Amino acid sequence: MIGKLKKYQFLFEELVKRDFKKKYKRTVLGMAWSVLSPLMTLFVMKLVFTQFFGRTMDHYTIYLFAGNLVFSYFNEATTQGMSSLMGNAAIFSKVNIPKYLFLLSKNVQTLINFGLTLVVFFAFCVLDNIQFTWKFILLSYPIVCLLLFNIGVGLILSALFMFFRDIQYLWSVFTMLLMYMSAIFYTIDSYSYTTQCLFLLNPVYLFIRYFRKIVLDAAIPTVWFHLLMAANVCIVLAIGSWMYKAYNTRFLYYV
């Protein structure tokens with residue numbers, strides 16, 4: 001894969017530029033929406049859950065921001081990745097190029113947006129008197145895992161979308177359900193130990209919990225926690241890669 005990326009480096013760079021420009025085409029604020037959109041969502045959620053539901057926990061803004069930051073990145077990357085193959089059918093149906101390039105370009109574009117929002121997140125940490133420690137460096141682990149996880153899920157979704165257009169509606173409903181099951185705006189401390197363990201079956205919650213452990217608790221998750229995240233990544237990447245390899249030629253018949 002690395003060899004092919006080097007071979008098609010120019011095309012890949014152009015795809016990333018195109019996707020990034022296309023997202024903000026004909027908008028007044030342009031790239032500023034990468035930061036404003038999650039901030040506006042954060043403001044609404046904080047208003048609702050502090051004023052109307054009485055959430056008064058320490059550093060609740062950071063707690064909420066961490067959850068929203070991770071989930072928004074996952075949602076954006078997978079939703080855009082789902083249509084990446086179909087959206088570029090006019091290209092790969094005429095030119096024989098690796099089809100995963102289109103998905104990777106989408107993921108690079110969403111990663112840039114995530115990086116911009118992450119800078120704002122750290123700024124909020126400063127304003128909320130969060131103590132920065134060397135452990136913040138370890139945030140690179142869940143970020144890399146989340147990037148690879150998004151690519152794996154994107155491979156699966158984009159392949160399915162070629163055959164079943166209904167997947168876009170099912171995925172929209174699923175991500176809404178996943179959002180409520182990821183403890184973005186509530187804690188799981190009041191649940192039983194068994195229920196808390198069930199939350200660990202949600203890969204997105206693992207990424208959110210890792211962020212919160214480092215930033216809010218200044219603690220490093222256990223080794224098995226790291227292994228569980230890595231296992232989820234390996235599973236979705238393996239399934240996604242297999243689907244692209246198995247159905248590579250059949251994609252052309254469904255464009």
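Q: How far apart are the end C-alpha atoms of helix 11, and what span should its residues give?
A: The end C-alpha atoms of helix 11 (residues 223–246) are 34 Å apart, which agrees with the 34 Å that its 24 residues should span at 1.5 Å a residue, because the expected span is 1.5 Å times one less than the number of residues. Helices here are DSSP runs of H or I with at least four residues, strands are runs of E with at least two, and both are numbered from the N terminus.

Q: Okay, and what kind of model is this?
A: This is a predicted model, in which local features need pLDDT of at least 70 and side-chain atom pairs count only at pLDDT 80 or more, while totals for chains, interfaces and linings use all residues. Residues are numbered from 1 along each chain as its sequence is written, and side-chain values use heavy atoms, with hydrogens and water left out.

Q: Which residues of helix 11 are buried?
A: The buried ones are F225, H226, M229, N232, V233, V236, G240, M243 and Y244, where buried means under 20% relative accessible area, exposed means over 50%, and partly exposed lies in between (1.4 Å probe, protein chains only).

Q: And what covers them?
A: The cover includes helix 6 (100–127), helix 7 (140–163) and helix 10 (203–215).

Q: Zooming out, how many helices and strands does the protein have?
A: The protein has 11 helices and zero strands, and of its 255 residues, 45% count as buried.

Q: Switching to loops, where is N88, and is N88 buried or exposed?
A: N88 sits in the loop between helix 4 (60–82) and helix 5 (89–92), and N88 counts as buried because its relative accessibility is 3%.

Q: What does N88 touch, then?
A: Leaving aside neighbours within four places in sequence, N88 is in contact (heavy atoms within 4.5 Å) with L15, R18 and F102.

Q: How about Y191, where is that one?
A: Y191 lies in the loop between helix 8 (167–180) and helix 9 (193–199), and at 37% relative accessibility Y191 counts as partly exposed. Not counting residues up to four places away in sequence, Y191 touches Y186, Q196 and F199.

Q: Last one: is I137 buried or exposed, and where is I137 found?
A: I137 is found in the loop between helix 6 and helix 7, and I137 counts as exposed because its relative accessibility is 62%.
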